[in-house]
Amino acid sequence: MSSLGSEGLAVGFSDRGLDVDKVRADFPILSRTVRGKPLVYLDNAATAQKPRSVIDAISHFYENDYSNIHRGVHTLSERSTVLYEEVREKVQKFINARSEKEIIFLRGTTEAINLVAQSYGGANVGPGDEILISAMEHHSNIVPWQMLCQRIGAVLKVAPINTDGELLLDEFAALLSDKTRLVSITHMSNALGSINPVEEIIGLAHQKGIPVLLDGAQAIPHMAVDVQKLDCDFYAFSGHKLYGPSGIGVLYGKSELLEAMPPYQGGGDMIRRVTFEETEYNRLPYKFEAGTPNIADTVGLGAALDYLCTIGMDSVACYEQQLLDYVTQKAMELDGLRLVGTAANKGAILSFVLDKVHPHDIGTVLDHYGIAIRAGHHCAMPVMDFFQVPATARASFAMYNTCEEVDVLMQGLKEVIEVFG
Amino acid sequence: MMDDLRELYQEVIFDHNRNPRNFHVMENANRTVEGFNPLCGDRLTLYLNVQADIIEDASFQGSGCAISTASVSLMTEMVKGMTEQEAQNMFKIFQKITTGKDDDVKLEELGKLQVLAGVKDYPARVKCATLAWHTLDAAIKNEEKSVSTE
Ligand SMILES: Cc1ncc(COP(=O)(O)O)c(C=O)c1O
């Protein structure tokens, strides 16, 4: 039993399939110290650490297999192409897409949403049409739509949330109109932890024939995602939050939609035949992958997915839920702590403010105890405005965090309260 | 609290954070500028009363972290009675010291602001300390708009 909290509340943790000591041993960085203290890394919503297998896969690839893809007939080019395309298949299986053609490699969630805004939005949204998002979106799922709406003269509609940080589903439904061309909504909020009722959302939108993009940046590291079961039309996520490298992410799109969409960028690889008069575009998914992609990090993402498959996303979800219960209960015992984001359905994110202490000061003091948290607006300024706070402190958890680390966090917070109180 | 944290959070900083000086709206201000640090959401409004080129009065409103609150509180105390030129010189010295580019200035030149020198070891916090001064700089240049540290 490795993950007992100080009061034994976590009994049964490792019976559920996840051996956290074993997982931790796979992440080299977790054994380093920060300011003389063991690192307690609780900034996983910003980015997750990498297991050794991912780090090794990248260096192994550069040392043995690296070349450009889809170009040469030589051995290394063929080898690189095979390894790169294998990852597409791994992603397809990981999210249960129908076909590999539906998996487009991009830099990350931000680029994926921008692609849909520019390509799908550009082709399907006209003046006076509407795009519907929610009040808990990351700037990445606000700004591309604002840019589109400004360019076209369309209208951005925002579905409201309640003070627990939950989407108001009735209000959302009421905002779906004959003019709504797309719903783009986060699967899980990075600032609040709220998990949205995405199946209902998609059902409501589909009743009106409106496609739905899910921003999966936060959800995908914490739960099993099945795009066919969800029936979402687009799903965007980043490798770096999923224990993979930065600089690689994925857009899933239903092939009917992707087929009909114009290309996003022009260049090599996305074409079939070019003359100066006209260009014939390549088939899916290459139509959307212009230029030499991030080959090595794609291979790294493949290693991250392999790693997660050995653990199982259901075990990850189950373990993290217990961790969230534990930290929530402990946090509520602290005087002067207010949780920001108390949705009934939540992922392992604890956003909070302390009376009289600014989140930035919390962050600096905790850093001295080796604890990494995020302090700020979490790229969700409208969420901060809604809760009338300039910023929050956010501890966000991953499958390698433990109850002992929660205890260290609580000790650190007690110190903060004592010093500033 | 640990010693290296004390370097950053000196007693004076706690004092000014708990009881900020000149913390009020100024009715007869002739310069009002808003400062904003998008990184941490800190916002402050700085009020000045400038006669000829003398800063007769300075006050502020807003919310921020301990470093930024102490910095603006200390600044309003310090610049009262200074000429605009003197205040801008002080800004330059303060910037040099807090960013560690301090070859040609001495810590003592900062006077009471020395307590903020510890931020030079915290690159992420330097902007908290300098927001007040960027805002003052804009007010002196009579830029009646908001400034941002980004
Ligand atoms: C909910 C959400 N959407 C989008 C993004 C943007 O992801 P990336 O910066 O990897 O493109 C993030 C990352 O912080 C996020 O949390």
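Buried means under 20% relative accessible area, exposed means over 50%, and partly exposed lies in between. Keep those cut-offs in mind. The model described here is predicted.

Start with a charged pair in chain B. The side chains of Lys112(B) and Glu77(B) form a salt bridge, with N and O 3.3 Å apart. Lys112(B) sits in the loop between helix 4 and helix 5 of chain B, and Glu77(B) sits in helix 3 of chain B, so this pair ties together parts that are 35 residues apart in sequence. Lys112(B) has a relative accessibility of 53%, so it counts as exposed. Glu77(B) has 32%, so it counts as partly exposed. The two residues have further partners. A network of salt bridges links Asp15(B), Arg21(B), Glu77(B) and Lys112(B). Side chains of opposite charge can pair when their charged atoms come close.

Across all chains, the structure holds 25 salt bridges. Another one lies within chain A. There the side chains of Arg394(A) and Asp43(A) meet at 3.6 Å, N to O. Arg394(A) belongs to strand 17 (residues 392-396) of chain A, while Asp43(A) belongs to the loop between strand 3 (40-41) and helix 2 (52-64), so the pair ties together parts that are 351 residues apart in sequence. Both Arg394(A) and Asp43(A) are buried.

Now turn to the contact between the chains. How many salt bridges are counted between chain B and chain A? The count is 1. Its partners are Arg125(B) and Asp361(A), whose side chains meet at 2.8 Å, N to O. The pair crosses from the loop between helix 4 (84-98) and helix 5 (126-140) of chain B to helix 12 (residues 359-367) of chain A. Arg125(B) is buried, and so is Asp361(A).

The rest of the interface can be read around that pair. Chain B contributes 24 residues to the contact, and chain A contributes 18 residues. Together the two chains bury about 1,600 Å², with 58% of it on carbon and sulfur atoms. There are 9 residue pairs in polar contact between chain B and chain A, counting those with both residues at pLDDT 80 or more. On the side of chain B that touches chain A, helix 1 (3-8), helix 2 (11-18) and helix 3 (66-79) each supply at least two residues. That side of chain B divides into 16 nonpolar, 4 polar and 4 charged residues.

Is His377(A) buried or exposed? Its relative accessible area is 12%, so His377(A) is buried. Leaving aside neighbours within four places in sequence, His377(A) is in contact with residues of both chains, including Met384(A), Pro390(A), Pro38(B) and Leu39(B). A polar atom of the His377(A) side chain also lies 3.0 Å from the backbone nitrogen of Cys379(A).

Next, look inside chain A. Phe237(A) has its place in strand 9 (residues 234-238). At 1% relative accessibility, Phe237(A) counts as buried. Beyond its neighbours within four places in sequence, Phe237(A) is in contact with several residues, among them Val91(A), Ile95(A), Ile220(A), Leu242(A) and Val250(A). Phe105(A) is 132 residues away from Phe237(A) in sequence, yet the two are 10 Å apart in space, C-alpha to C-alpha.

Two helices complete the tour. Helix 11 (residues 313-332) of chain A has 20 residues. From first C-alpha to last, helix 11 reaches 28 Å, close to the 28 Å expected at 1.5 Å a residue. Its buried residues include Val316(A), Tyr319(A), Leu323(A) and Val327(A). An α-helix has 3.6 residues a turn, so residues three or four places apart point the same way. The buried residues of helix 11 pack against several elements of chain A, including helix 3 (75-95), helix 10 (295-311), strand 14 (349-354) and helix 14 (403-420).

Helix 14 of chain A has 18 residues. Its reach is 26 Å from first C-alpha to last, close to the 26 Å expected at 1.5 Å a residue. Among the buried residues of helix 14 are Val406(A), Leu409(A), Met410(A), Leu413(A), Val416(A) and Phe420(A).

Definitions and conventions:
Residues numbered from 1 in each chain as written. Chains lettered and ligands numbered in written order. Predicted model: local features only at pLDDT ≥ 70, side-chain atom pairs only at ≥ 80, totals over all residues. Heavy atoms only, no water. Contact = heavy atoms within 4.5 Å. Buried area = accessible area lost by both parts, 1.4 Å probe. Salt bridge = Lys/Arg side-chain N within 4 Å of Asp/Glu carboxyl O. Polar contact = N/O pair within 3.5 Å; in protein donor to acceptor, adjacent residues only side chain to side chain. Helix = DSSP H or I, 4+ residues; strand = E, 2+ residues; numbered from the N terminus. Nonpolar A, V, L, I, M, F, W, Y, C, P; charged D, E, K, R; others polar. Buried < 20%, exposed > 50% of the residue type's maximum accessible area, 1.4 Å probe, protein only. Expected span 1.5 Å × (residues − 1).
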